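Subject: Structure for your study

Dear colleague,

Please find below the structure that I am handing over to you.

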Amino acid sequence: MIAMVAAGTAAATLNAASAAGPDVTQYQLANGLTVMVIPDHRAPVVTHMVWYKVGSADEQAGKSGIAHFLEHLMFKGTEKAGPGKFSGEVARLGGQENAFTSQDYTAYYQRVAKEHLETVMTFEADRMTGLKLSDAVVLPERDVVLEERRMRTDSDPGARLSEALQAATYVNHPYQHPIIGWEHEIKQLNREDALAFYRRFYAPNNAVLVVAGDVEPEAVRALAEKTYGVIPRADTPPRNRPQEPEPQVHRRVSLSDPRVAQPSLQRSYLVPSYRTAKPGEAEALDVLAQVLGGGQTGRLYRELVVEQGLAAGAGAWYHSTAYDETRFGISASPRPGVTLEALEQAMDGVVAKMAKDGPDDVELARAKTRLTAEAIYARDNQATLARIYGAAWATGISVEDVNRWPDLIKRVSVADVKAAAEQYLVLKRAVTGYLTPPPAAAPAAPEKRS
Amino acid sequence: MSARPAASLFSARILVLVMMAVSLVSAAPAQSQTTRITRVVSPGGIEAWLVRDTTLPLLAMEFAFLGGAAQDPAERPGIASLAASLLDEGAGEYDAERFHQALADKAIELHFDAGRDELRGSVRTLSENRDAAFDMLRLSVTQPRFDTEAVERIRTAQLASLRRRSTDPNSLANERWFALAFPNHPYGRPVDGTLASVADITREDLAGFAKRNLARSNLRVAVVGDITPEELATELDRVFGALPATAQLTPVADVQPQGLGKTDVIPLDVPQSVVMIGTDGLERQDPDFIPAYVLNHILGGSAFSSRLFKEVREARGLAYSVYSYQVALEHVGLWFAGTATKNDRAGESIKIINAEFQQILDQGPTQEELDEAKSYLTGSYALRFDTSAKIAGQLLQIQIDKLGMDYIDRRNSLIEAVTLEDLRRVSQRLAGARKALVVVAGRPVGVVGN
């Protein structure tokens with residue numbers, strides 16, 4: 001599992017499950033734990049996930065990375081099940097497990113044969129409150145996270161620019177810091193920080209249990225009562241993050257690095273998410289991302305790559321599944337001899353035309369077809385379904401909202417898309433990023449073999 | 001961000017395949033006893049393996065033409081890859097734009113990709129658009145246009161991608177490893193070509209590749225979804241019937257990796273060294289492949305409990321990702337380990353990985369490790385069969401590997417039968433693996449090329 005904020009994964013999160021979609025059963029235990037059961041009887045396996053409503057945007061200032069660091073440390077054992085016990089058991093059962101952290105949630109999962117569901121529920125319930133940490137496991141794991149940061153971000157100029165772009169998009173909201181954390185702050189995180197964060201946020205009333213696969217809702221309820229049901233409710237804090245002011249100025253970030261052999265242009269706009277948008281607005285932004293960036297039929301590709309011949313590639317994305325104001329992005333890579341300035345000007349032209357005229361009827365119909373088909377394709381994968389409903393819950397979107405989504409997409413009009421582009425794809429809401437080699441540097445760089 | 005890297009990060013994990021949709025019974029002849037795979041042979045003699053599943057209104061097809069990038073001429077690598085990228089860029093009466101529009105208007109997904117030994121393709125469609133999907137597929141494989149506009153546009157994108165990879169440590173290490181191991185063999189050439197070779201590829205190269213490589217004799221097909229065997233038989237002739245009967249493949253020699261015992265450093269200014277360690281392995285047809293697979297699982301194949309994971313990551317915090325995997329190519333079996341670790345501890349990491357290779361080859365695993373490996377490998381079998389595309393992918397791989405339709409029923413018992421004595425025998429056969437070819441990209445401390 002990769003970072004949930006990656007471009008493109010965004011669309012997959014909410015854009016699925018149709019009105020004729022899976023028959024999701026939802027209920028709540030007395031201790032406040034929400035439970036969702038998603039049937040898929042095609043194979044005798046289950047996907048078991050627990051999502052906590054806490055992510056990197058819920059971290060205290062100066063402790064960036066603690067949500068993700070805790071996610072790693074959750075594999076280090078509990079009072080009852082010592083280090084390696086849970087993972088060892090999952091492996092013996094032939095199960096797969098992992099976890100991931102986003103800005104808004106942290107989730108843990110196992111995929112096992114259905115007869116082993118109770119076992120993984122027992123262990124997962126145990127680590128909701130039973131985590132036990134010593135410096136002997138915490139300190140090497142902090143080095144692991146620093147290596148993870150080096151691998152994902154520090155070694156890749158494009159990823160470093162993306163991090164800067166995100167930081168600049170938010171002037172006040174904690175979405176500005178990276179999920180993995182800033183290096184100097186990761187280095188200071190310790191056992192006490194992790195446990196404090198854990199005690200503050202990990203509780204049944206701040207979590208959802210999602211079970212997808214070859215199971216019945218009532219059987220899951222009985223198991224959930226027996227395992228998670230005995231954990232007491234806790235006093236978890238409400239989400240109350242500093243919000244963004246109305247954006248005022250276009251910002252620019254640029255990174256020159258000798259390792260940039262292929263320049264690129266990235267831009268992100270501050271836009272509403274499904275939770276914060278006015279009715280219909282987020283759906284219009286979903287359609288807009290398709291019309292602009294939907295593969296080779298998207299406007300950006302057609303204009304910049306095919307018609308004008310300025311770019312080698314171009315695309316767009318909308319990170320729709322977020323608790324607070326989120327981002328809409330466009331990007332392009334220039335052909336040799338084309339400056340980023342020229343490419344940016346052409347890109348601005350494509351966006352301006354969309355804001356002026358909207359999509360044509362064919363483009364609109366195509367975008368809707370592709371988006372609603374995604375909802376059906378998603379039903380072929382129980383793990384995908386579990387992630388869609390879990391992420392929706394953690395960002396304030398209900399099962400009903402997810403199930404209505406294809407119908408709402410079908411209602412989006414040309415005027416809606418035009419209005420979304422006109423209102424949100426404006427420079428004062430944007431940060432534009434340039435990735436370039438240093439001036440006059442010879443690009444392409446590995447030195448001769450030693 | 002996640003606690004453990006996903007297996008998909010390591011694309012070379014060509015491992016054993018499994019079954020799950022097992023226990024599905026069906027009555028048609030020429031069929032596996034315990035699975036519902038049906039061997040469909042069209043009137044024209046084209047074979048496909050089908051799992052009919054009408055639960056969802058969709059269809060997934062995976063297919064391959066044996067041959068792949070190993071067919072590229074020595075002086076011009078990248079033809080197969082570029083040709084694969086162009087098969088959906090205009091065919092029959094459709095130019096590229098109209099071809100993509102026709103797909104997008106019905107949300108049909110059609111992809112091609114060249115590997116070292118095959119050119120692979122996939123189709124995903126809603127049932128209601130099945131005819132259109134098969135029409136587009138038919139045109140793409142039987143009447144690709146290779147229009148100048150499309151060739152130049154896709155060439156441009158390929159060159160941009162190669163420039164990006166020219167400073168990426170993972171790409172550099174991988175390409176260098178194969179170049180050093182197979183100096184005078186097709187496997188030593190980069191699958192996607194070089195900046196020089198891709199610039200030189202002509203339309204004739206591409207059309208010639210399609211003409212020689214896309215044929216009925218080297219075609220393998222797997223289908224999962226909402227279609228009857230009779231309907232599929234008809235469609236197979238309609239889609240592939242116009243292809244030449246026999247592919248004109250250039251024979252590729254069996255080969256052994258060179259340079260074992262050598263170390264090569266690619267100096268690159270990155271904070272982390274990427275390490276690729278490769279040595280002898282076994283081919284897929286080898287009777288000892290399964291014991292070798294189990295041995296690798298214990299060394300570094302399991303993301304959770306492998307020896308490499310415990311020693312390199314958990315105990316010392318040297319890396320986020322560390323793993324080993326087998327690659328069974330058509331003409332050689334290989335065994336790899338890899339990691340990414342900060343420069344000043346790269347030497348230490350390589351020493352530990354080498355020591356773990358030695359240790360497992362010299363002394364073998366314990367009975368407990370073997371039992372746990374078997375338990376995981378047999379238990380996780382089912383998880384590879386929970387989506388249509390995954391099932392189709394498994395059926396295709398079994399055909400490519402010539403394992404027989406009953407392989408799915410036999411696979412777990414093959415794993416169960418592995419003994420410590422088998423592992424000792426495999427270790428002796430893999431004695432050459434005590435020496436490896438090591439490639440490091442970065443500024444590793446304590447690592448010197450030789």
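This is a predicted model: local features need pLDDT of at least 70, side-chain atom pairs count only at pLDDT 80 or more; totals for chains, interfaces and linings use all residues.

Chain A as a whole

Chain A contains 16 helices and 11 strands. Along the principal axes, its C-alpha atoms fill a box of roughly 65 × 55 × 45 Å. The radius of gyration of chain A is 23 Å, which agrees with the value near 22 Å that a compact globule of 450 residues would have. Of the 450 residues in chain A, 59% are buried.

In soluble globular proteins, nonpolar side chains tend to be buried together. The largest nonpolar core here has 283 residues, and the members that touch the most others are Trp51(A), Leu304(A), Tyr389(A) and Val223(B). Helix α14 (residues 382-394) of chain A gives the largest share of this core, with nine residues. Leaving aside residues up to four places away in sequence, Trp51(A) touches Tyr105(A), Ala107(A), Ala207(A), Val208(A), Val210(A), Gly390(A), Trp393(A) and Ala394(A).

The contact between the chains

How many residues does each chain bring to the contact? Chain A contributes 67 residues and chain B contributes 68 residues. On the side of chain B that touches chain A, the largest share comes from α4(B), with six residues. That side of chain B is made up of 31 nonpolar, 20 polar and 17 charged residues.

Paired strands in chain B

Strand β1 (residues 37-41) of chain B pairs with β2(B) in the antiparallel sense, over five bridges.

Strand β2 (residues 47-52) of chain B has five of its six residues buried, so it is largely enclosed by the rest of the structure. β2(B) also pairs with strand β6 (residues 219-225) of chain B, here in the parallel sense and over four bridges. In this pairing, Trp49(B) has Ala222(B) of β6(B) as its bridge partner, and Val51(B) stands opposite Val224(B).

Strand β3 (residues 58-66) of chain B is joined to β6(B) by seven bridges, and the two run antiparallel. Leu59(B) has Gly225(B) of β6(B) as its bridge partner.

Two helices in contact

Two packed helices are described by the angle between their axes and the distance between the axes. The axes of α3(B) and helix α8 (residues 229-240) of chain B come within 8 Å and cross at roughly 35 degrees. From α3(B), the contact involves Phe134(B), Leu137(B), Arg138(B) and Val141(B), while α8(B) supplies Glu235(B), Arg238(B), Val239(B) and Phe240(B). By class, this contact has five nonpolar, no polar and three charged residues.

Two loop residues with positive phi

Most residues other than glycine have a negative phi. Phe146(B), although not a glycine, has a positive phi of about 50 degrees. Phe146(B) lies in the loop between α3 (130-142) and α4 (148-165) of chain B. Phe146(B) is buried, because 22 other C-beta atoms lie within 10 Å and the cut-off is 20 or more.

Lys402(B) also has a positive phi, near 55 degrees, and is a residue other than glycine. Lys402(B) is found in the loop between α13 (388-400) and α14 (407-416) of chain B. Lys402(B) is exposed, with 10 other C-beta atoms within 10 Å.

Yours sincerely,
A colleague

Key: Residues are numbered from 1 along each chain as its sequence is written. Chains are lettered from A and ligands numbered from 1 in the order in which they are written. A residue is buried if 20 or more other C-beta atoms lie within 10 Å of its own, exposed if 12 or fewer, and partly exposed in between; C-beta atoms are placed from the backbone. A nonpolar core is a set of buried Ala, Val, Leu, Ile, Met, Phe, Trp, Tyr and Cys residues joined through C-beta atoms within 7 Å. Two residues are in contact if their C-beta atoms, placed from the backbone, lie within 7 Å. Ala, Val, Leu, Ile, Met, Phe, Trp, Tyr, Cys and Pro count as nonpolar, Asp, Glu, Lys and Arg as charged, and the others, Gly among them, as polar. Two strands pair if DSSP finds at least two bridges between them. Axes are lines fitted to C-alpha atoms, for helices over the stretch in contact, and angles run from 0 to 180 degrees between N-to-C directions. The radius of gyration is taken over C-alpha atoms; the globule rule is 2.2 Å times the number of residues to the power 0.38.
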